[in-house]
There are 2 protein chains.
Amino acid sequence: MDSSGMLKSYIEKKGLKKTSERAVMLEIIKKIPGHFDAEGLLSQVNRNNTKVSRASVYRTIKLFAEAGIIKESLLRGGRKVYEYGPEKTHHDHMICVKCGKLFEFSDPMIEKHQEEICRKHRFQMTGHKLEIQGICNSCK
Amino acid sequence: MDSSGMLKSYIEKKGLKKTSERAVMLEIIKKIPGHFDAEGLLSQVNRNNTKVSRASVYRTIKLFAEAGIIKESLLRGGRKVYEYGPEKTHHDHMICVKCGKLFEFSDPMIEKHQEEICRKHRFQMTGHKLEIQGICNSCK
DNA sequence: TTGATATTGAGACACAGTATCAATATCAAG
DNA sequence: CTTGATATTGATACTGTGTCTCAATATCAA
């Protein structure tokens with residue numbers, strides 16, 4: 001299912017209502033290639049003719065995350081960072097502490113070990129975040 | 001070296017000064033068994049006869065972290081969480097999303113895979129954080 | 001004892017995010 | 001189409017976590 005469908009079914013399931021604000025935000029988020037945060041999205045939404053209030057941007061981001069349309073991917077200096085992509089597979093992040101650039105990676109072996117550990121501790125995993133800090137190749 | 005020694009040598013190295021506030025905070029932190037945050041420490045410090053201002057608590061926490069006396073271990077709802085223990089080895093966390101309990105674990109295989117990935121990407125790792133969210137055994 | 005300077009406390013400030021609430025938009029039922 | 005119930009919005013006040021400022025004070029070497 002595409003993200004518009006996901007939003008529609010989430011809205012129906014919860015007895016919510018379709019609004020132009022949500023439609024506008026979804027269209028803009030779809031076009032963002034990488035990561036984004038609430039403030040950045042807010043200014044992008046209000047850059048053009050469209051206009052959505054700060055409160056609604058935050059509310060809608062939360063709604064989209066609950067609907068599975070976007071994912072909260074990490075915290076950057078106390079700021080939540082999201083990314084579009086219901087079809088995207090899970091991945092982890094490397095953050096360069098010098099230039100702040102973000103690199104994605106995924107390692108099935110690490111995932112496997114995590115599952116192993118959870119089994120051992122009888123812990124039912126619902127999600128995880130792995131973040132490696134360091135210095136990237138071009139900053140060395 | 002114990003934490004008092006670490007503080008002393010860090011202070012000397014940086015040309016800083018010994019103060020009663022720092023001593024008081026170190027004594028209290030030493031007695032905290034698990035994790036703590038700035039606000040919790042602040043109220044603990046000011047509960048008794050001792051008194052340290054909010055600003056100084058935050059400043060001193062930062063100083064202790066730089067001196068290696070405490071470690072920033074994770075972020076919990078936008079709040080930084082620390083733990084005492086210069087001798088403690090690195091470990092990762094499992095957080096129960098129901099009861100909020102925190103479990104520690106460490107897995108050398110995961111660490112190894114992380115190093116492998118960093119080598120592959122020519123990324124010089126300086127630190128990492130792995131956090132598994134889920135439901136703990138007693139909350140199932 | 002003195003002088004340089006690191007430190008402190010109090011409070012203002014910064015920032016991300018949430019709560020409040022009256023006005024408005026949506027939508028199902030008639 | 002109109003109506004009524006209610007979900008949503010925008011404006012703005014507020015919260016929580018942490019930082020900055022700056023005058024007063026404590027520390028320490030000379």
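This is a predicted model: local features need pLDDT of at least 70, side-chain atom pairs count only at pLDDT 80 or more; totals for chains, interfaces and linings use all residues.
Cys118(B) counts as buried, because its relative accessibility is 3%; here buried means under 20% relative accessible area, exposed over 50% and partly exposed in between, with a 1.4 Å probe and protein chains only. As for bookkeeping, residues are numbered from 1 along each chain as its sequence is written, chains are lettered from A and ligands numbered from 1 in the order in which they are written, and side-chain values use heavy atoms, with hydrogens and water left out.

## Cysteines

How many disulfides does a search of the whole structure find? Over all chains, the answer is zero, a disulfide being a pair of cysteine sulfur atoms within 2.5 Å. Cys118(B) is in none, and the nearest cysteine sulfur, that of Cys96(A), is 12 Å away. Cys96(A) has its closest cysteine sulfur in Cys99(A), at 3.6 Å, which is too far for a bond. Cys96(A) is also buried, because its relative accessibility is 2%.

## Around DNA strand C

A residue is near a strand if one of its heavy atoms lies within 4 Å of it. There are 23 residues around DNA strand C, and those that come nearest are Arg79(A), Lys17(B), Arg22(B), Ser53(B) and Ser56(B).

By class, the surface near DNA strand C holds twelve charged, six nonpolar and five polar residues. In this scheme Ala, Val, Leu, Ile, Met, Phe, Trp, Tyr, Cys and Pro count as nonpolar, Asp, Glu, Lys and Arg as charged, and the others, Gly among them, as polar.

Which element gives the largest share of the surface near DNA strand C? That is H4(A), with four residues. Element names follow DSSP runs, numbered from the N terminus: helices are H or I runs of at least four residues, and strands are E runs of at least two.

## Around DNA strand D

DNA strand D is surrounded by 24 residues, the closest being Lys17(A), Arg22(A), Ser53(A), Arg59(A) and Arg79(B). The nearby surface has 13 charged, six nonpolar and five polar residues, and H4(B) supplies the largest share of it, five residues.

| Residue and protein atom | DNA atom | Distance |
|---|---|---|
| Lys17(B), polar side-chain atom | base oxygen, DNA strand C | 2.7 Å |
| Arg22(B), polar side-chain atom | phosphate oxygen, DNA strand C | 2.5 Å |
| Ser53(B), side-chain N or O atom | phosphate oxygen, DNA strand C | 2.7 Å |
| Thr19(A), polar side-chain atom | phosphate oxygen, DNA strand D | 3.0 Å |
| Lys17(B), polar side-chain atom | base oxygen, DNA strand D | 3.0 Å |
| Lys18(B), backbone N or O atom | phosphate oxygen, DNA strand D | 3.4 Å |

The elements that give two or more residues to the surface near DNA strand D are helix H2 (20-31) and H4 of chain A, along with helix H3 (38-47), H4 and strand S3 (79-84) of chain B.

## Inside chain B

Helix H3(B) has Ala38(B), Leu41(B), Leu42(B) and Val45(B) buried. Seen down the axis of H3(B), the buried residues fall within an arc of 105°, so they line one face of the helix; the arc is that of the directions from the helix axis to the C-beta atoms. These buried residues pack against H2, strand S1 (35-37), H4 and S3 of chain B.

Asp37(B) is found in strand S1 of chain B. Is Asp37(B) buried or exposed? It counts as buried, because its relative accessibility is 14%. The side chains of Asp37(B) and Arg79(B) are joined by a polar contact of 2.7 Å. Leaving aside neighbours within four places in sequence, Asp37(B) is in contact (heavy atoms within 4.5 Å) with Arg79(B) and Lys80(B).

Lys71(B), in strand S2 (residues 70-76) of chain B, is partly exposed at a relative accessible area of 37%. Its C-alpha atom is separated by 8.6 Å from that of Val81(B), ten residues apart along the chain. Not counting residues up to four places away in sequence, Lys71(B) touches Val81(B), Tyr82(B), Glu83(B), Gly85(B), Pro86(B) and Lys88(B).

Key:
A polar contact is a pair of N or O atoms within 3.5 Å; within protein, one must be able to donate a hydrogen and the other to accept it, and residues adjacent in sequence count only if both atoms are side-chain atoms.
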